Amino acid sequence: MKGLEFTMVDDLLKTKINSVLVEETLDHFAIVSMSDRVGNILYVNQNFIDISGYTPSELIGSNHRIVRSDFHPESFYQTIWDTISHGNTWMGDICNQHKNGQRYWVHAVIKPIFDDQGEIEHYLSIRINITKLKQAEEKIYKLAFYDPLTQLANRTLLADRFKLAISRAQRQKKLFAVCMIDLDGFKPVNDKYGHAMGDRVLVEVAKRLKEIIRGYDTVARLGGDEFVLLINDIADEAALKSIIGRVLIKLSTVYVMDEKYLHLSASIGSALYPIDNVDADILLRHADHAMYQAKQMGRNQHKMFDVSSEIQMNLARQTIQGVKKALDHNELVLYYQPKVNMRLGKVVGMEALLRWNHPLRGLLSPMEFLPQIEKNELIIDIGVWVMDQALQQLSQWVSFDKAWVVSVNIAALHFQSGLFLTHLQEALHRYPNVSPQLLEIEIVESVALGDIHQVNQLIRDCQALGVSFSLDDFGTGYSSLSYLKYLPVETIKIDQSFVRDLLDDKDDLALTEAVIDMGRVFDRKIIAEGVESAEHGTLLLRLGCDLAQGYGISRPIPASQIIPWEAGYTPSPAWKMWSDTKWNLDDFPLLLAQHDHIKWVKHVIASVENPARLELSQAEVIDAHQCRFGHWYYGYGVQRYGHLVEFSNLETIHNRVHEIGTRILHHTKQGDKVKAQALCGELLMVKTEILTRLEALQKVANSLSQKGVDLQG
Ligand code: C2E
Ligand code: MG
Ligand code: MG
């Protein structure tokens, strides 16, 4: 094309224009004009008239400037003039303007025409319309540098802007900030209302960000709901925080879309150039880490990059990515832990507990990976998966006529996401043969930290579908009582930390008692978790808590083992014995004495294997008055039960226990393990005997207190 033009221009020069105009091909595409030495138009062809929108009379005599647009700076035109006024040809692209204001692009060749004396007489300009080409080029440029959805800078342009920001900061000796923004609650919007709505939200976010930052700063979108700000000329951290404060407010203002009110916010992490680093990629990564931390702090937070937490964040991030992959690769699995009614000696339900079958690290407990993802939206996907798996398992058990209630743990973030009810409905829908009554949702008190009335309504809505609720880890949370009022859960689970030490710790005993009483007042069922032994269970039964779950009954096991486990399960005989009676609180120490004795025997036997680690003092082993059982026996015990023969029956056998214990200790000290071990069998037999006698005492004590006999009197 260019070659053709040149040839033609040369031809034209020979024939002094006219001959050109008769040239049809040229006339077909060329926009031709001729001006005098100062640029006043002397001649235009029809194409010029058409593309400029002016009439010939408007054009002729006017300066060529008439078609200028303000696209180019003055210096651009100056260069053209410099070139042609020195007798040279100028060639290049010019953006001109139609009479109606619309811009068009031409590729132009402007050439001086000389008179006979060799002086410049005219300028000839031949142009072709390249508007379409320019538009296509712009489109390509935009695609290469801008995010098509929001028209914000993309990663490539951001890299470019980084270079500019760095040189600007170096020049002006100022800081600039890199801020990574991730929306909170975007995924739920996307999932609930569809991607089109999600896109509209992103466009709105982009608009808000553009409004808040200055022209020489940059807003970029990296993809998904991730945005980056480059903020120039930052005086100090405080100045940045105040800008980010405004961004947080702006992004958390309600989004009204199709009469829907969407509540989103943002988590923002920032890093400063050159304080945190001088490399663009590293700065971006640091900002990303800080954003991640902000996310972990909850919604709507800003966090500055902090080196010390970087390692920790890296780990958390790896966990999230790992779990995401685990979910996709079917590495997650549910174990089930039975719940029993101790009074009836019956299995009543199962708690589904997550495990990660890690290809390298083996079976991982949820505590090894869930804490890091609890605040990440991935926990929602996990919740959906868990519900589905549990229902699938239930439908299998139902087909075997096993009507166990299965409970699933739902994280607060999922419960408050606005999606939970839908997820639950969808899950129930997929398993029509499972009655919703068989599904229980375990939530923790912190769900109430959101909008308590909304949470209350959500629980009721779920209950209307037939499912029930358990309030997990009760006692570890907030002002439990006041929350309880608003959380219409059917069951309260006493946290295992209290249950575990029930037999040793008076405070935990008091707390457990209080929770059980509270359950009665509020008319809720009470289940104890962390029931590690039959004694724990007995004590709980006597306190009025019939439901239990814990290692003392069964550890969490794979689903396939549940039916065989149940077939072989026999509840502790002690539970049956005590199930019909109501325990007098004054007799608790008697139960604790039993526990103390069991523990004493356990410690003595363990010392044979490991003498250095004997957890009792020498006096406690040797002296029947010095062990905990002895303290009870010769103190509270004798006062309360001293007149009962079942009580006096205990003394000789207890003395015998210490006799054997002393001998075991002696042999162990002498290094005669064999003799010590031989005595252990004897000790266990005596232990059984003492427990039988204790039980006899317990029964009598209980029946007397049932009859209203005041033992102390
Ligand atoms: P949780 O819901 O309170 O579950 C009870 C935890 O106590 C389980 O730990 C269980 O194995 C353990 N446990 C039960 N009986 C005893 C006992 O007698 N002694 C002791 N020491 N521990 C006992 P696990 O399976 O490691 O789960 C820990 C926590 O992880 C759960 O506490 C729950 O908060 C969370 N979790 C487990 N599965 C899921 C899940 O699918 N989704 C969510 N969001 N959280 C889950
Ligand atoms: Mg639970
Ligand atoms: Mg729990």
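A nitrogen atom of ligand 1 sits 2.6 Å from an N or O atom in the side chain of E532, which is a polar contact in the sense used here (a pair of N or O atoms within 3.5 Å; within protein, one must be able to donate a hydrogen and the other to accept it, and residues adjacent in sequence count only if both atoms are side-chain atoms). This is a predicted model, where local features need pLDDT of at least 70 and side-chain atom pairs count only at pLDDT 80 or more, while totals for chains, interfaces and linings use all residues. Residues are numbered from 1 along each chain as its sequence is written, chains are lettered from A and ligands numbered from 1 in the order in which they are written, and side-chain values use heavy atoms, with hydrogens and water left out.

Back to ligand 1. Two elements give two or more residues each to the shell, namely β14 (346-358) and β18 (468-474), with strands taken as DSSP runs of E, at least two residues, and helices as runs of H or I, at least four, numbered from the N terminus. The largest share, four residues, comes from β14. There are 22 residues around the ligand, and R355, D472, Q496, E532 and Y551 come nearest; a residue counts as near if one of its heavy atoms lies within 4 Å. By class, the shell has 10 nonpolar, five polar and seven charged residues (Ala, Val, Leu, Ile, Met, Phe, Trp, Tyr, Cys and Pro are nonpolar, Asp, Glu, Lys and Arg charged, and the others, Gly among them, polar).

D472 turns up again at the metals. The magnesium ion (ligand 3) is coordinated by D472 (OD), D473 (OD), E529 (OE) and E529 (OE), at 2.0 to 2.4 Å. Donors here are N, O and S atoms within 2.8 Å of the metal (3.2 Å for Na, K and Ca), and water is not among the atoms, so sites may look incomplete. Along the chain, the donors follow the spacing D-D-x55-E. D472 also bridges this ion and the magnesium ion (ligand 2), the two lying 4.2 Å apart. Because D472 lies in strand β18 and E529 in strand β20 (residues 525-529), the pair ties together parts that are 57 residues apart in sequence. D472 counts as buried, at 7% relative accessibility, and E529 is buried at 7% as well (buried means under 20% relative accessible area, exposed over 50%, partly exposed in between; 1.4 Å probe, protein chains only).

β18 has a parallel partner in β17, joined to it by five bridges, with I441 opposite F469 in β18. Strands pair if DSSP finds at least two bridges between them. Strand β17 (residues 439-444) is mostly covered, five of its six residues being buried. Strand β16 (residues 405-409) also runs parallel to β17, over four bridges, and S407 stands opposite E440.

Elsewhere, five of the five residues of strand β1 (residues 31-35) are buried, so this strand is largely enclosed by the rest of the structure. I31, S33 and S35 point one way and V32 and M34 the other. Five bridges join β1 to strand β5 (residues 120-129) in the antiparallel sense, with Y123 as the partner of S35. β1 also pairs antiparallel with strand β2 (residues 41-44), over three bridges. The two form a hairpin with five residues between them, and G39 in the turn has a positive phi of about 95°.
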